[in-house]
Amino acid sequence: MHELGITRNIVSICSEQAHGRKVTRVRLEVGLLSGVVPDAIRFCFDVCSQGTPLEGADLEVLEIPGEGECRSCGKRVPLRQVFEHCPCGAGDLICVAGKELNIKDMEVQ
């Protein structure tokens, strides 16, 4: 489960940016094509935040849907997986959304 390592890094980055202040909320953006399981991040967050400024903080995960742009027709289409075909039949879609993994913001006291 690579989400444990990812969550440790999220907690570390937020703790560093909090400069010793208590963090009350963290918002993440997780793309549905990123390979990261939001429920696993939520599960790991409580454990990884113990003894840090993030302990007890609310974690909000904003799930970003996948979207591709067809190089053939230029149409933007929803993606459920990385390799899909455009409704025009072309298999040349560029993923333009859904691979994100960002700390969007955090609230501190």
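Is Glu84 buried or exposed? At 12% relative accessibility, Glu84 counts as buried; here buried means under 20% relative accessible area, exposed means over 50%, and partly exposed lies in between (1.4 Å probe, protein chains only). This is a predicted model, in which local features need pLDDT of at least 70 and side-chain atom pairs count only at pLDDT 80 or more, while totals for chains, interfaces and linings use all residues. Residues are numbered from 1 along each chain as its sequence is written, and side-chain values use heavy atoms, with hydrogens and water left out.

**View A. Glu84 and its surroundings.** Glu84 sits in the loop between strand 4 (76–79) and strand 5 (93–97); strands (E, at least two residues) are DSSP runs, numbered from the N terminus. A polar atom of the Glu84 side chain lies 2.5 Å from the backbone nitrogen of Arg80. The Glu84 side chain also reaches the backbone nitrogen of Gln81, at 2.9 Å. If you set aside neighbours within four places in sequence, Glu84 is in contact (heavy atoms within 4.5 Å) with Pro78, Leu79, Gly91 and Leu93.

**View B. Arg25 with Glu107.** Side chains of opposite charge can pair when their charged atoms come close. Here Arg25 forms a salt bridge with Glu107, and their closest N and O atoms are 3.4 Å apart. Arg25 lies in strand 1 (residues 23–31) and Glu107 in strand 6 (residues 101–108), so this pair ties together parts that are 82 residues apart in sequence. A salt bridge is a side-chain nitrogen of Lys or Arg within 4 Å of a carboxyl oxygen of Asp or Glu. Arg25 is partly exposed at 25% relative accessibility, and Glu107 is partly exposed at 37%. Look for Glu60 too: Arg25, Glu60 and Glu107 are linked in a network of salt bridges.

**View C. Arg27 with Asp105.** The side chains of Arg27 and Asp105 form a salt bridge, with 2.6 Å from N to O. Since Arg27 belongs to strand 1 and Asp105 to strand 6, the pair ties together parts that are 78 residues apart in sequence. Arg27 counts as buried at 18% relative accessibility, whereas Asp105 counts as partly exposed at 28%.

**View D. Arg76 with Glu67.** Another salt bridge joins the side chains of Arg76 and Glu67, at 3.6 Å from N to O. Arg76 is partly exposed, with a relative accessible area of 46%, and Glu67 is partly exposed at 27% relative accessibility. How many salt bridges does the structure hold? There are ten.

Notes: Helix = DSSP H or I, 4+ residues; strand = E, 2+ residues; numbered from the N terminus. Polar contact = N/O pair within 3.5 Å; in protein donor to acceptor, adjacent residues only side chain to side chain.
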